[in-house]
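Notebook open, viewer open. I want to go through this one piece by piece and write down what I look up.

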Amino acid sequence: MCGIVGYTGSKNAVPILLDGLKRLEYRGYDSAGIAILGENDIIIDKVAGKVEMLSRKIEKKHYDSRTGIAHTRWATHGAPNDINAHPHLDCSGKLAVVHNGVIENYRSLKIYLEKKGHQFYTETDTEVLAHLFEEYYKGDLFEAVREALLNVEGTYGIAVIERDNPGRIIAARLGSPLVVAKGEAGEYFVASDVAAIVRFTKDVIFLEEGEIVAVDAREGIKLADIKDNREKKVEVHTIDMDLTEIEKNGYPHFMLKEIHEQASTILNATRGRLDAENGDAILQGLADYNDFFRNVNRIILTACGTSWHAALIGEYLIESIAGIPVEVEYASEFRYRNPIIEEKTALFVISQSGETADTLAALREAKRKGARVFGICNVVGSTIARETDAGVYIHAGPEIGVASTKAFTSQVMVLALIALYLGRRRDYSLSQGKNMVREIQALPEKITELLQHEEDVKKIARYFRKAENALFLGRHINYPVALEGALKLKEISYIHAEGYPAAEMKHGPIALIDENMPCVVLANDDDIMYEKVITNIQEVKARNGKVIAVATKGNKKIKELVDDVLYVPFTVQALTPVINTIPLQLLAYFTAVERGCDVDQPRNLAKSVTVE
């Protein structure tokens with residue numbers, strides 16, 4: 001979480017830093033701040049609230065500096081206020097630091113530094129770093145930061161500037177992503193996400209775990225290992241991202257834009273990966289492990305949040321299509337168990353950002369136990385992409401809205417491809433495979449059709465805006481969709497919502513049902529549980545509950561049983577989670593808009609969870 005951007009070069013750093021912060025705000029928006037080098041000092045301005053408040057605060061000050069760092073915060077230690085906002089200074093005012101992550105031993109470090117005479121002014125763990133760097137400073141900031149970090153436990157992505165060495169930024173990472181980049185002659189950037197700098201350059205260097213770098217307008221780039229100061233080779237990667245991908249392009253919110261992109265993102269997730277003739281999936285990212293997957297006898301899927309819901313759908317898909325036992329684990333719990341990893345076990349870690357802290361920890365624990373670990377992620381060059389044995393990118397493009405939409409459905413599609421790939425190497429027949437390929441190919445057009453019926457969702461959202469609680473019910477492969485629908489409503493409209501397997505309603509939640517509690521029920525015609533779902537609907541109606549059904553287009557009978565229907569195009573049962581998710585995303589979106597909520601930046605949330 002949180003966002004870092006730094007710049008040194010021949011241009012005024014201030015507008016570049018503010019532009020970068022605005023593009024990083026989805027990573028944290030409790031407070032924001034900037035530190036720039038003045039003629040004789042470091043100038044800091046920071047404010048509780050969003051980046052726009054920082055911009056307004058400094059716009060009349062006409063700052064002009066060639067070097068600076070900036071930060072947008074998602075609070076961990078200390079309340080989100082002006083004092084706790086980053087950047088932080090050392091006692092002398094010579095060093096300024098911005099930091100993503102958590103310093104786990106900051107209390108003991110703080111006690112040590114206070115005994116040395118350092119004075120602290122904030123509640124943050126980050127301020128410890130500023131004083132620690134000062135304590136180790138003997139004329140060389142690069143070496144001071146490197147040696148000081150040897151005493152730090154926890155996670156960090158940091159950027160540091162020095163009053164007496166203009167044109168230079170020191171950055172380092174451990175457990176929190178950072179990139180550096182070279183722009184025009186003599187200018188360099190540091191950022192926690194390429195979105196902050198793609199406007200200026202597409203040539204980036206992804207810092208690996210435990211690396212420290214100095215970027216200097218005069219001396220260039222120096223990259224080294226924190227532990228032994230061994231200098232390392234700089235590898236430049238060209239990122240494939242267009243500026244329009246991280247702008248709203250006429251939509252009122254990024255979330256609505258990203259919902260509408262799903263016809264394209266589903267196509268991108270499957271393009272070049274379908275073998276229509278053989279009813280198979282072509283997954284080049286797994287090609288080196290074909291023999292392993294032919295003999296795999298157990299699969300573990302691990303993820304957090306929305307990605308965990310995708311994993312649950314993946315469990316149904318892989319077990320039904322490939323006949324391989326699947327376990328789904330919360331990544332945050334997996335690392336603290338003693339998971340049984342056998343020779344023929346495959347573990348897939350799923351993360352949109354490729355940087356999720358708990359998922360990375362699960363990945364490393366599995367590798368420590370000798371597992372073959374594969375990634376399903378969106379961000380090329382992310383830590384998960386680099387640390388897994390192999391994997392599959394979802395190709396959803398940048399997702400700026402904090403509540404995940406297009407990344408979720410793309411994850412589901414990639415899991416469907418993996419299920420098909422595994423199934424065709426077992427007992428899934430040619431005819432079954434060909435039918436699945438045809439249905440996958442038809443999905444983008446069906447999504448386009450579905451998105452033309454927003455007005456139906458808006459009508460229901462006007463009712464939902466008054467609700468205090470809501471229930472989402474699904475069975476079989478659509479139970480995880482109910483979980484995801486409830487999560488979306490919670491995340492952005494702040495209505496308490498729960499997702500349940502429909503049959504479990506009788507084991508507790510039915511006590512909550514009354515005329516004020518809407519229930520959304522997933523009831524596709526092709527669902528093997530359709531008749532049982534109809535029974536569950538009748539149970540809700542018998543208790544005066546208001547039911548909104550998500551049903552297959554053309555099903556007129558269901559109208560007689562429910563209060564409202566959101567129709568979706570027909571598809572095979574295995575792909576109904578993709579089709580069903582979209583109206584639920586729209587329902588959450590329009591309900592949040594009706595309630596006046598900040599859709600793209602919901603309270604207390606940030607896009608990428610890079611702290612435990």
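Before I start on burial: I call a residue buried when its relative accessible area is under 20%, exposed when over 50%, and partly exposed in between. Also for the record, this is a predicted model.

**Entry 1: helix H11**

I went to H11 with that cut-off in hand, and the helix is mostly covered, with 9 of its 12 residues buried. I listed the buried ones as Ala357, Asp358, Thr359, Leu360, Ala361, Ala362, Leu363, Glu365 and Ala366. What sits over them? I found that the cover includes strand E17 (298-303), helix H10 (331-334), strand E19 (345-351), E20 and H12.

I then checked the length of H11 (residues 357-368): the end C-alpha atoms are 16 Å apart, and 12 residues at 1.5 Å a residue should span 16 Å, so the two agree. Just past the helix I noted Gly370, which has a positive phi of about 90°.

**Entry 2: Ser382**

I looked up Ser382 and found it in the loop between E20 and helix H12 (383-387). Buried or exposed? Ser382 has a relative accessible area of 1%, so I put it down as buried. Setting aside neighbours within four places in sequence, I see Ser382 in contact with Ser353, Gly354, Glu355 and Cys377.

**Entry 3: aromatic pairs**

Counting ring pairs with centres within 6.5 Å, I get 12 aromatic pairs. The Phe292 and Phe374 rings have centres 6.0 Å apart and planes at 35°, so I class this pair as tilted. Phe292 is in helix H8 (residues 290-295) and Phe374 in strand E20 (residues 372-377), so the pair links parts of the chain 82 residues apart. Phe292 counts as buried at 16% relative accessibility, and Phe374 counts as buried at 0%.

Then I turned to Trp308 and Tyr330, whose rings are stacked, 4.0 Å centre to centre with 10° between the planes. Trp308 belongs to helix H9 (residues 305-322) and Tyr330 to strand E18 (residues 326-330), so this pair ties together parts 22 residues apart in sequence. Trp308 is buried at 12%, whereas Tyr330 is partly exposed at 38%.

Which rings link up into a cluster? I traced ring pairs through Tyr289, Phe292, Phe293, Phe348, Phe374 and Tyr421.

**Entry 4: charges over rings**

I noted two cases of a charge over a ring. Lys222 lies over the face of Phe142, 4.2 Å from the ring centre. The charged end of Arg603 sits over the ring of Tyr494, at 3.9 Å from its centre.

**Entry 5: the sheet with E5 to E13**

I followed an open sheet of 6 strands in the order E5-E6-E7-E8-E12-E13, with antiparallel pairing. Its edge strands are E5 (88-89) and E13 (220-225), each pairing on one side only. Inside it I looked at E6 (residues 95-100) and E7 (residues 156-162), which pair antiparallel over 6 bridges. His99 has Ile158 in E7 as its bridge partner.

Two helices go with this sheet. Helix H4 (residues 126-136) packs on it, touching E5, E6 and E7, and its direction makes about 140° with that of E6. Helix H5 (residues 141-149) lies across E6, E7, E8 (168-174), E12 (211-216) and E13, at about 150° to E7.

**Entry 6: strand E2**

Last stop, E2 (residues 31-37): 7 of its 7 residues are buried, so the strand is largely enclosed by the rest of the structure. Both faces are covered, with Ser31, Gly33, Ala35 and Leu37 buried on one side and Ala32, Ile34 and Ile36 on the other.

Which strands does E2 pair with? One is E3 (residues 42-48), antiparallel over 7 bridges, and a hairpin of 4 residues joins E2 to E3. Ala35 stands opposite Ile44 in E3. Another is E4 (residues 67-73), which runs antiparallel to E2 with 6 bridges, and here I find Gly33 opposite His71.

Definitions and conventions. Residues are numbered from 1 along each chain as its sequence is written. This is a predicted model: local features need pLDDT of at least 70, side-chain atom pairs count only at pLDDT 80 or more; totals for chains, interfaces and linings use all residues. Side-chain values use heavy atoms; hydrogens and water are left out. Rings of Phe, Tyr and Trp (its six-membered ring) pair if their centres lie within 6.5 Å; planes under 30 degrees apart count as stacked, over 60 as edge-to-face and the rest as tilted. Buried means under 20% relative accessible area, exposed over 50%, partly exposed in between (1.4 Å probe, protein chains only). A charge sits over a ring if NZ of Lys or CZ of Arg is within 6 Å of the ring centre and within 35 degrees of the ring normal. Two strands pair if DSSP finds at least two bridges between them. Contact means heavy atoms within 4.5 Å. Axes are lines fitted to C-alpha atoms, for helices over the stretch in contact, and angles run from 0 to 180 degrees between N-to-C directions. The expected span of a helix is 1.5 Å times one less than its number of residues.
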